[in-house]
Amino acid sequence: MRLAYWFFIVAILAGLAGMGLGIQMGIAHDFTLMPVHAHVNLLGWASLFLYGLYYRVEPSAEGTALAVIHFALAVSGLVLMTGGLTLMLQGNEALMPVTIAGALCAISAMAVFLIVVLRRGFAPRRAASIG
Ligand code: HEM
């Protein structure tokens, strides 16, 4: 399956989880996990879907090792940051390093994405269209 679709699928799963958590928070009137809800939706649903859209409009960027590293970092960032945050908010302060590792993965994913975009942007016109 193409990388763009991997981004889309993880984004949609995150959207379902984030919205589900939002509904659960509303029903329980317990907003302890609101930061988790916000980050699952924004790092997961919104960011991953936008990354996927880029690879759909620029398919020549998809088949590179850098694009796979981008995906791995973005998904690791989502899982580690929201997982760590969930456990921290439930009283497990010791898990702060996991949350920080997730945040570093997320920002590294964005930095790798910048390189992917710059490489496409500065590639010669013909090379950019055939990869
Ligand atoms: C079924 C869909 C959703 C439900 C039921 C839901 C529910 C909630 C609830 C109950 C809160 C807490 C509000 C408060 O305490 O004032 C909240 C906060 C938040 N939600 Fe959602 N949400 C949904 C979808 C989304 C989506 C798709 C995003 C982003 C793409 C999002 C981003 C946020 C953010 C950033 C906050 C924090 C707002 C603040 O700090 O004031 N939510 N949501």
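Contact here means heavy atoms within 4.5 Å. By that criterion, and leaving aside neighbours within four places in sequence, Phe-7 is in contact with Leu-48, Tyr-51, Gly-52, Tyr-55, His-70, Phe-71 and Ala-74. This is a predicted model, in which local features need pLDDT of at least 70 and side-chain atom pairs count only at pLDDT 80 or more, while totals for chains, interfaces and linings use all residues. Residues are numbered from 1 along each chain as its sequence is written, and side-chain values use heavy atoms, with hydrogens and water left out.

**Ligand and iron**

- His-37 is the single protein donor to the iron atom of the ligand, through NE2 at 1.9 Å; donors are N, O and S atoms within 2.8 Å of the metal (3.2 Å for Na, K and Ca), and since water is not among the atoms, sites may look incomplete.
- His-37 is placed in helix α2, where helices are DSSP runs (H or I, at least four residues) numbered from the N terminus.
- The residues around the ligand, meaning those with a heavy atom within 4 Å of it, are Met-19, Gly-22, Ile-23, Met-25, Phe-31, Met-34, His-37, Ala-38, Asn-41 and Leu-42.
- Two or more residues of this shell come from each of α1 and α2, and the largest share, five residues, comes from α2.
- A polar side-chain atom of His-37 lies 2.7 Å from a nitrogen atom of the ligand, and one of Asn-41 lies 3.3 Å from a nitrogen atom of the ligand. Polar contacts are pairs of N or O atoms within 3.5 Å; within protein, one must be able to donate a hydrogen and the other to accept it, and residues adjacent in sequence count only if both atoms are side-chain atoms.

**Nonpolar core**

- The largest nonpolar core has 28 residues, of which Phe-7, Leu-48, Tyr-55 and Val-116 touch the most other members. Such a core is a set of buried Ala, Val, Leu, Ile, Met, Phe, Trp, Tyr and Cys residues joined through side-chain atoms within 4.5 Å.
- The elements giving two or more residues to this core are α1 (3-28), α2, α3 and α4 (96-122); α1 gives the most, with nine residues.

**Helix α4**

- α4 has 27 residues and spans 39 Å from its first C-alpha to its last, close to the 39 Å expected at 1.5 Å a residue. The expected span is 1.5 Å times one less than the number of residues.
- Its buried residues are Thr-99, Gly-102, Cys-105, Ala-106, Ala-109, Val-112, Phe-113, Val-116 and Arg-120. Buried means under 20% relative accessible area, exposed over 50%, and partly exposed in between (1.4 Å probe, protein chains only).

**Buried polar residues**

- Glu-62 lies in the loop between α2 (34-57) and α3 (65-89), and counts as buried because its relative accessibility is 11%.
- A polar atom of the Glu-62 side chain lies 2.9 Å from the backbone nitrogen of Ala-4. Beyond four places in sequence, Glu-62 is in contact with Arg-2, Leu-3, Ala-4, Tyr-55 and Ala-67.
- Thr-82 belongs to helix α3 and has 9% relative accessibility, so Thr-82 counts as buried.
- A polar atom of the Thr-82 side chain lies 2.5 Å from the backbone oxygen of Leu-78. Not counting residues up to four places away in sequence, Thr-82 touches Val-36, His-39, Val-40 and Gly-77.

**Backbone at His-29**

- His-29 is found in the loop between α1 and α2, and counts as exposed because its relative accessibility is 66%.
- Phi of His-29 is near 55°, a positive value in a residue other than glycine. Most residues other than glycine have a negative phi.
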